[in-house]
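Open the model in your viewer and keep the selection panel at hand. The tour moves from one selection to the next.

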Amino acid sequence: MHANKKMNIILTVLGLVSLALLAACDVPFTKEDPVVVSVGDAKLRESDIRRVAPEWDSWGDREKLTFLEHWIDEETIYQEAVANGVLKDETLQAQIQRTERKMTVDHFLQSFADTMMVGDAEKLDYYQAHQELFLRGQTMVTGALLYFKDWQSADLYYKGHKKLVYDSLPAEHYLVKRMEVFDSATVTPDSCMIPSIKDVELGKLSVMKVCGGALKMAVVVSRLDSADVLPYAEVAEDVAERAWVEHQKAVLSNLKKEWKKARPIFSQMNVFSEKDK
């Protein structure tokens with residue numbers, strides 16, 4: 001309770017100080033873009049606040065007051081620094097120029113990047129030319145483990161199905177006690193029946209075997225190898241992003257060449273050592 005009262009008192013005092021500062025400034029408040037606070041000749045207008053703090057309207061009084069107090073403090077110190085000749089410092093001026101140069105270049109290039117569009121044909125061309133970027137990465141198999149109640153049932157079933165080539169899961173059968181399906185498995189579902197998903201014969205019914213105390217057969221009906229290229233539909237978003245980056249690099253490279261051709265560029269200083277020539 002005491003802490004809340006203390007905080008309210010502080011906020012009230014700060015608010016009065018801010019109002020006093022505003023009154024002392026004697027600056028005109030326009031309806032279009034009012035001055036919210038000023039320090040000396042520097043004015044912080046409503047538009048400045050909304051540009052720096054877009055969330056301004058959602059803030060409470062405490063947050064708004066903290067923001068204004070921070071601006072007043074910073075502007076006061078800045079003006080004091082300028083009055084003391086800080087801007088005449090050569091090192092600082094060089095840093096300011098480098099920062100301004102980089103920000104100008106980045107903003108200018110971004111204005112081009114924001115307007116770049118990549119068409120469907122260009123995306124598809126990129127996908128086809130860079131398929132090594134869209135490999136599946138893992139071998140996946142689909143199939144089934146068939147369980148039998150006895151050797152007689154298993155033997156009858158095997159004799160009637162061993163010559164078939166399965167491209168889909170086996171149908172239910174009265175001789176099969178139970179069937180366990182595995183779909184898109186990246187590891188073997190049963191190391192006894194299928195030691196390796198990469199080497200197992202595709203579409204062929206395995207011979208019967210007792211594994212884990214059960215009589216089983218296995219069949220793998222499809223396999224997607226790790227080196228397979230993923231279908232375009234599955235990677236369309238990734239392709240779009242990569243194609244856009246590639247498109248951006250190509251366009252900016254051409255633009256820089258054009259801009260350099262339009263200007264005389266000379267280099268008369270020997271900046272390379274003899275061993276690097």
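Select Ser184 first. Is it buried, exposed or partly exposed? Ser184 has a relative accessibility of 37%, so it counts as partly exposed. Bear in mind that this is a predicted model. Ser184 sits in strand β4, which covers residues 178–185. Now look at its backbone. The phi of Ser184 is positive, about 55°, although the residue is not a glycine. Most residues other than glycine have a negative phi.

Stay on Ser184 and show its backbone nitrogen. That nitrogen lies 3.0 Å from a polar atom of the side chain of Thr142.

Select Thr142 next. It belongs to strand β3, residues 140–148. Its relative accessible area is 14%, under the 20% cut-off, so Thr142 is buried. Which side chain does the Thr142 side chain meet in a polar contact? The partner is the side chain of Asp183, at 3.0 Å. Now display everything that touches Thr142, leaving aside neighbours within four places in sequence. The contacts are Phe182, Asp183 and Ser184, together with Val220, Val221 and Ser222.

Select Leu146, Phe148, Tyr157, Leu205 and Met217. These residues have the most contacts inside the largest nonpolar core, a set of 15 residues. Which elements give two or more residues to this core? They are β3, α6 (151–161) and β6 (214–224). Colour β6 separately: its four residues are the largest share of the core. In soluble globular proteins, nonpolar side chains tend to be buried together.

Now leave the core for a loop. Select Asp225, in the loop between β6 and α7. Asp225 has a relative accessibility of 36%, so it counts as partly exposed. Which residues does Asp225 contact, beyond neighbours within four places in sequence? They are Arg136, Gln138 and Thr139. Asp225 and Ile197 are 28 residues apart along the chain, and their C-alpha atoms are separated by 9.7 Å.

Go on to helix α7, residues 232–261, and show it with helix α4, residues 90–113. Two packed helices are described by the angle between their axes and the distance between the axes. Here the axes come within 11 Å and cross at roughly 125°. The two helices are therefore oblique to each other. The crossing of α4 and α7 is right-handed. Show the side chains that make the contact. From α4, pick Phe108, Leu109, Phe112 and Ala113. From α7, pick Trp244, Gln248, Leu252, Leu255 and Trp259.

Finally, zoom out to the whole protein chain. How many helices and strands does it have? There are seven helices and six strands. Along the sequence they follow the pattern α-β-β-α-α-α-α-β-α-β-β-β-α. Colour by burial next. Of the 277 residues in the protein chain, 27% are buried.

Key
Residues are numbered from 1 along each chain as its sequence is written. This is a predicted model: local features need pLDDT of at least 70, side-chain atom pairs count only at pLDDT 80 or more; totals for chains, interfaces and linings use all residues. Side-chain values use heavy atoms; hydrogens and water are left out. Buried means under 20% relative accessible area, exposed over 50%, partly exposed in between (1.4 Å probe, protein chains only). A polar contact is a pair of N or O atoms within 3.5 Å; within protein, one must be able to donate a hydrogen and the other to accept it, and residues adjacent in sequence count only if both atoms are side-chain atoms. Contact means heavy atoms within 4.5 Å. A nonpolar core is a set of buried Ala, Val, Leu, Ile, Met, Phe, Trp, Tyr and Cys residues joined through side-chain atoms within 4.5 Å. Axes are lines fitted to C-alpha atoms, for helices over the stretch in contact, and angles run from 0 to 180 degrees between N-to-C directions. Angles under 35 degrees count as roughly parallel, over 145 as roughly antiparallel, 65 to 115 as roughly perpendicular and the rest as oblique. A crossing is left-handed if the near helix is turned anticlockwise from the far one by less than a right angle, and right-handed if clockwise.
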